[in-house]
Each structure stands twice: as C-alpha cells, then as structure tokens.
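Here is a short report on one helix and the aromatic rings around it. Please look at the sequence and the model first.

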Amino acid sequence: MQKIEDFLAYYSYFYYICSKVRTMSYKKVRDVIRELERNGFHFVRQTGSHMVYTDGIHVAVVPDHGNKGIEKGTYYSILRQAGIKK
C-alpha cells in the first residue's frame with residue numbers, strides 16, 4: 001500500500017512540474033518586438049495572431065498567441081529572418 005501512495009505522490013509532483021515547464025517561455029513577445037524596432041524594423045500588418053515587421057529588406061513574422069510568449073527556437077528563427085546576429 002505504501003508503494004502505491006509513494007507512486008501517486010511522485011506522479012502528482014511530476015505532473016505539477018511538467019505543467020509549469022510547458023507554460024514557461026524564452027522571451028516575451030513585447031521584448032522581441034522591441035528588439036526588432038531597435039534594429040530599424042517597423043510594423044507592417046497583422047493576420048490573425050502573426051505580426052509582420054520589415055526594415056525594407058528583411059521580413060520577420062512574430063507570433064502573438066496571448067500569454068504564451070516565444071520559445072527559444074522561434075526566437076532565433078525570428079532573428080534569422082530579420083538578419084540580426086546574436
């Protein structure tokens with residue numbers, strides 16, 4: 001009986017940690033937009049939850065899905081689209 005209780009306690013703790021990890025993001029959308037604007041980009045249009053920024057040469061698409069934020073891979077993909085070296 002003790003093994004089952006230990007397993008359930010571990011499982012509930014593990015589920016709690018996993019739910020928190022999924023909600024963390026690498027950057028806030030606002031921080032990414034500020035970085036683009038500091039590098040000469042300006043807002044062009046928005047289609048659904050995707051905002052399009054350009055500097056006249058490069059085009060960068062920034063997703064805005066509410067409070068989710070932007071994950072690490074997406075962040076570096078946006079910088080690559082914009083031609084910004086990090």
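Tyr75 has a relative accessibility of 2%, so Tyr75 counts as buried. Buried means under 20% relative accessible area, exposed over 50%, and partly exposed in between (1.4 Å probe, protein chains only).

This is a predicted model: local features need pLDDT of at least 70, side-chain atom pairs count only at pLDDT 80 or more, and totals for chains, interfaces and linings use all residues. Residues are numbered from 1 along each chain as its sequence is written, and side-chain values use heavy atoms, with hydrogens and water left out.

**Confidence**

pLDDT is the predictor's confidence in each residue, from 0 to 100. The protein averages 84. At least 70 is reached by 73% of the residues. Among the elements, helix H1 (residues 2–23) has the lowest mean pLDDT, 61. Strand E2 (residues 50–54) has the highest, 97. Helices (H or I, at least four residues) and strands (E, at least two) are DSSP runs, numbered from the N terminus.

**Helix H3**

Which residues of helix H3 are buried? In H3 (residues 72–82) they are Tyr75, Ile78, Leu79 and Ala82. Seen down the axis of H3, these buried residues fall within an arc of 100°, so they line one face of the helix. The arc is that of the directions from the helix axis to the C-beta atoms. An α-helix has 3.6 residues a turn, so residues three or four places apart point the same way.

The buried residues of H3 pack against helix H2 (29–38) and strand E3 (59–63). Contact here means heavy atoms within 4.5 Å. On the other side of H3, Gly73 and Arg80 are exposed. Just after H3, Gly83 takes a positive phi of about 75°.

**Aromatic pairs**

Rings of Phe, Tyr and Trp (its six-membered ring) pair if their centres lie within 6.5 Å; planes under 30 degrees apart count as stacked, over 60 as edge-to-face and the rest as tilted. The count comes to four aromatic pairs.

| Pair | Centre to centre | Angle between planes | Class |
|---|---|---|---|
| Tyr26 and Tyr75 | 5.6 Å | 50° | tilted |
| Tyr26 and Tyr76 | 6.1 Å | 45° | tilted |

Both pairs link distant parts of the chain. Tyr26 sits in the loop between H1 and H2, 49 residues from Tyr75 in helix H3. Tyr76, also in H3, is 50 residues from Tyr26.

Tyr26 is partly exposed, with a relative accessible area of 38%. Tyr76 is partly exposed at 34% relative accessibility. Ring pairs link Tyr26, Tyr75 and Tyr76 into a cluster.
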